[in-house]
Amino acid sequence: MRIDVITIFPAMFSPVLNESIIQRAQDAGLLDIRVHDLRAYTHDKRRTVDDRPYGGGPGMVMKPEPLFEAVEAIRPQASAGCTILMSPQGERLTPVLAKKLASMQRLIVVCGRYEGVDDRVREGLADRSVSIGDYVLTGGELPAMVLIDCVARYIGGVIGNEKATEEESFSNGWLEYPQYTRPPEYRGMKVPEVLLSGSHEEIAKWRHKQAVARTQAARPDLVQPKGEEPWTG
Ligand code: ADE
């Protein structure tokens with residue numbers, strides 16, 4: 001998959017994306033991430049990307065022209081992909097959306113900054129707006145990196161063990177059960193006996209019970225009113 005990112009802070013990306021699993025995915029040719037400086041698509045001497053809002057109000061708004069020109073320069077004519085505007089007003093990133101995006105050949109991710117982005121970018125340029133959660137960050141760069149990391153995990157071959165994305169939190173509707181490794185006792189805290197028993201059936205039952213209890217305690221909003229069917233994204 002190829003991912004193009006448009007930002008006024010291109011230097012923010014390499015410390016995160018050029019490490020660990022995402023770097024390995026790029027080395028293996030599974031991911032091709034290219035970060036573009038929005039200011040390269042301005043035409044004035046000061047390389048202006050923002051302006052005051054019509055109607056007044058605090059802060060600045062990102063101008064539409066550099067964003068349209070950047071996306072149009074990067075996006076192929078017949079695009080088999082998706083142009084995404086990172087925005088706290090967008091739809092929420094979920095495992096379902098991440099899997100859908102992971103099936104595309106190309107993504108273009110636009111990072112907003114300042115107090116907002118001219119709404120014509122959402123209306124006439126982006127295919128969808130995506131939020132990573134109900135809080136506002138100083139810009140779309142961190143959300144873009146979160147989205148890329150989340151989507152990359154669903155691309156075949158990126159994570160060594162494909163089962164990891166099947167058993168993890170959210171994918172089966174419940175938060176993940178508690179995990180332990182050696183030693184069997186640490187500072188008086190013991191690994192639950194059942195995990196040392198070797199009985200796969202008992203272990204599976206215990207894990208499911210723990211997953212349900214955890215979800216009910218930490219995230220009652222994920223449990224359907226009947227308490228039977230878990231949330232599935
Ligand atoms: N930009 C600022 N806050 C954001 C959020 N929560 N999600 C996506 N983009 C953002």
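Reply: A polar contact here is a pair of N or O atoms within 3.5 Å; within protein, one must be able to donate a hydrogen and the other to accept it, and residues adjacent in sequence count only if both atoms are side-chain atoms. By that rule, a nitrogen atom of the ligand lies 2.8 Å from a polar backbone atom of Tyr-135. The protein covers 97% of the 260 Å² of accessible area that the ligand has on its own. Those areas come from the Shrake-Rupley method with a 1.4 Å probe; for residues, only the protein chains shown count as cover.

The model is predicted: local features need pLDDT of at least 70, side-chain atom pairs count only at pLDDT 80 or more, and totals for chains, interfaces and linings use all residues. Residues are numbered from 1 along each chain as its sequence is written, and side-chain values use heavy atoms, with hydrogens and water left out.

Back to the contacts. Ile-132 has a polar backbone atom 3.0 Å from a nitrogen atom of the ligand. For Gly-133, the distance from a polar backbone atom to a ligand nitrogen is 3.2 Å.

Now the shell. Met-86, Ser-87 and Pro-88 are among the residues around the ligand. By class, the shell has 8 nonpolar residues, 4 polar ones and no charged ones. Ala, Val, Leu, Ile, Met, Phe, Trp, Tyr, Cys and Pro count as nonpolar, Asp, Glu, Lys and Arg as charged, and the others, Gly among them, as polar.

Next, the strands. β5 (81–92) and β7 (128–131) each supply at least two residues of the shell. β5 gives the most, with 3 residues. Strands (E, at least two residues) and helices (H or I, at least four) are DSSP runs, numbered from the N terminus.

Finally, the space itself. The ligand takes up the largest pocket. On a 1 Å grid over the protein atoms alone, a pocket is an open set with protein on both sides within 12 Å along at least five of seven lines, whereas a cavity is a set of points where a 1.4 Å probe fits but cannot get out; lining residues have an atom within 4 Å of a point. A molecule sits in either one if more than half of its atoms lie within 2 Å of its grid points.

Technical notes: Near = heavy atom within 4 Å.
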